[in-house]
Amino acid sequence: MTESQRIVDPDTVADFVGERLDGSASRRAHLVGRERLVRAAEGDLGARTGARGLWLGGGVLALAAAAAVTWFVWPSRAVVVPSETSPVAAAPSGALVGEWIQAPSRGVSALDVGRGAALALHDGARGRVALVDDARVVVVLEAGHLAAEVDPKANRKVAVEAGPYTVAVVGTEFRVDWEPESGELAVAVTHGKVQVTTPASSGPIAVDAGHRLVVDDGGTLSLLAIEGVAADAEADDEPVIEAAIEPAIAAPSVRPKPRTPKDEPVTAPTWQSLAKAGKYEAAITAIDAGFDGALASLAVGDLELLADAARLAGRTAKAEAAYLALRKRFAGTTAAAHAAFQLGRQSSGAAAVKWLKLYLDEAPQGSFAKLARGRLIGALTDAGERRAAVDAARVYLDSYPDGPHAKVARALLESSSSP
Amino acid sequence: MSANAQRVAASPSTDNVEVLPWAGDDRELLELLRRGGATSAAALYDRFATDVRRVIDRCLGPDRERDDVVHDAFVQILRGVAKVREPAALRGWVMTVAVNTARSELRRRRFRRLWWSSEPAPESVDDTIDPEQRDLLRRIYGALDRMDTDLRLAFVLRFVERHELTEVARLTDCSLATVKRRISRAVAELGTRLGDDPEIVARFGKEAS
């Protein structure tokens, strides 16, 4: 038998990997990891120790300080300085690549990344330089405030990773506010263009000059115009980022059209903004081509918005697909329970019974419980389950004797007691 | 405070003490976690660190940022643990968070690779593993790096972690049918990607049926 007649056995590969990567760690490594978590839980090092992962809102950890990153271009352009102290004047930390650095509580520590870029941690911020060479710089910011000057002429790619987000840039001017406590990231671009990746998107989201992207804890994206900041007319001609995004996984773009100087600042007409403005049909039309991909990639808040917009636009099939996606991807959440109710509401007969019962099982005290119990009476009747419908009517009247379905319920009980 | 909680609270984090495993049950741990604080964080870490490290290790491969990712996972676990009601569900929920953290990290790296147009600096590998085996691990994870993240996770959870299909579906929040499809595709892709490497085939090959 020759090698060409052999194939790779996945079980053997897996055994090899499993034996060598078994989760073991030295006692010291375990203690270091535990201590790090304990300090994060205590809020020691302020909100700054936390972790790159302190991005889910609320919860156990009391985080004190909001975090912010501000970038600005080399002196040839206007400089946005986030605090009184310039990063250029900061004391060098002398830290090595990969080493965690924390700035003094009221001071600045510079990160030495070489030519064309000056970066500094401010006021207790904590971070590290993850990678640096002639072409690239990657900085991980756990929490706090980082200021940077990046010279576009140096032709080095620079990225900052904050929580689950990555902001990538080659020479531009923008400000990132990262608040681990609320889980909100805001990126305001005053010149050039940046791209932001989020856990909910498979690819980066472009944000042009004159706009501010806000990503909330639930992953909902909002794009707002910045008052008094004009969009770069040439922005679309400047490929700041050279990422080759695969079309199949491209993130939903929220890039607005450049505005003319006489335009008033406006909110970009994303499908989200259209839906929120009650323009449901326009919202569904705007996302039509990417609808199926959106079902698989949107965060829970946006997916709910999309499903409701489709329902309110009368696009029943799309609404059903979106509610089913909510059920599948976010099982066990309030959004999934609401989806069950909406699926019940737009179904009939046995299907309606199934969904309404599911909703009442998952959210017996939910905001749609009264409506669901009322609709269940009709759905059971339509499905030919008269005895169950009578029982449902009795339950309804016990809970909501003056509810909107009380009249129907009483009529059913009366008819069922008639000979 | 229970004996376990006292033990954890009193345990100094210095290098001259032994790390004792969490000896209580998950009901006791959950109660401790609901009260919050440093003691509960330490107990949580002691109870699940090996499991979380292992699944993240296997999902990411040998990795110099492993400890950061593990820390991220535990921070998220601490923040969300109030949602867990049943002690019996605690471990499953912890592992789901660990897998989700690994998935986020893999997607972040996918973007990094696209953006840099080339691979970032090579990741370091545990130097307790001999060089030949380190090299094999690098090649295997090199192939996994080129696979879709969901396929990669399905393969690791099914074949390396040895979970049942239903458990893989739960951990990756998808249907059983989707898991089966992903595993099938992952095995085919991995076979193709590693099949070109004669050393890999010699070491991990089997006769084609």
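Phe155(B) and Phe159(B) are both located in helix α7 (residues 149-160) of chain B, 4 residues apart, about one turn of the helix; helices are DSSP runs of H or I of at least four residues, numbered from the N terminus. This is a predicted model, in which local features need pLDDT of at least 70 and side-chain atom pairs count only at pLDDT 80 or more, while totals for chains, interfaces and linings use all residues. Residues are numbered from 1 along each chain as its sequence is written, chains are lettered from A and ligands numbered from 1 in the order in which they are written, and side-chain values use heavy atoms, with hydrogens and water left out.

Over all chains, the structure holds 5 aromatic pairs (rings of Phe, Tyr and Trp, the last by its six-membered ring, with centres within 6.5 Å; planes under 30 degrees apart are stacked, over 60 edge-to-face, the rest tilted). In one of them, the ring centres of Phe341(A) and Tyr359(A) are 5.6 Å apart and the planes stand at 55 degrees, so the pair is tilted. Phe341(A) is buried at a relative accessible area of 0% (buried: under 20%, exposed: over 50%, partly exposed: in between; 1.4 Å probe, protein chains only). Tyr359(A) is likewise buried, at 0%. The pair of Phe155(B) and Phe159(B) is stacked, with 5.0 Å centre to centre and 25 degrees between the planes.

Arg66(B), found in helix α4 (residues 66-80) of chain B, counts as buried at 14% relative accessibility. Beyond its neighbours within four places in sequence, Arg66(B) is in contact (heavy atoms within 4.5 Å) with Ser24(A), Arg53(B), Ile56(B) and Asp57(B).

Technical notes. Helix = DSSP H or I, 4+ residues; strand = E, 2+ residues; numbered from the N terminus.
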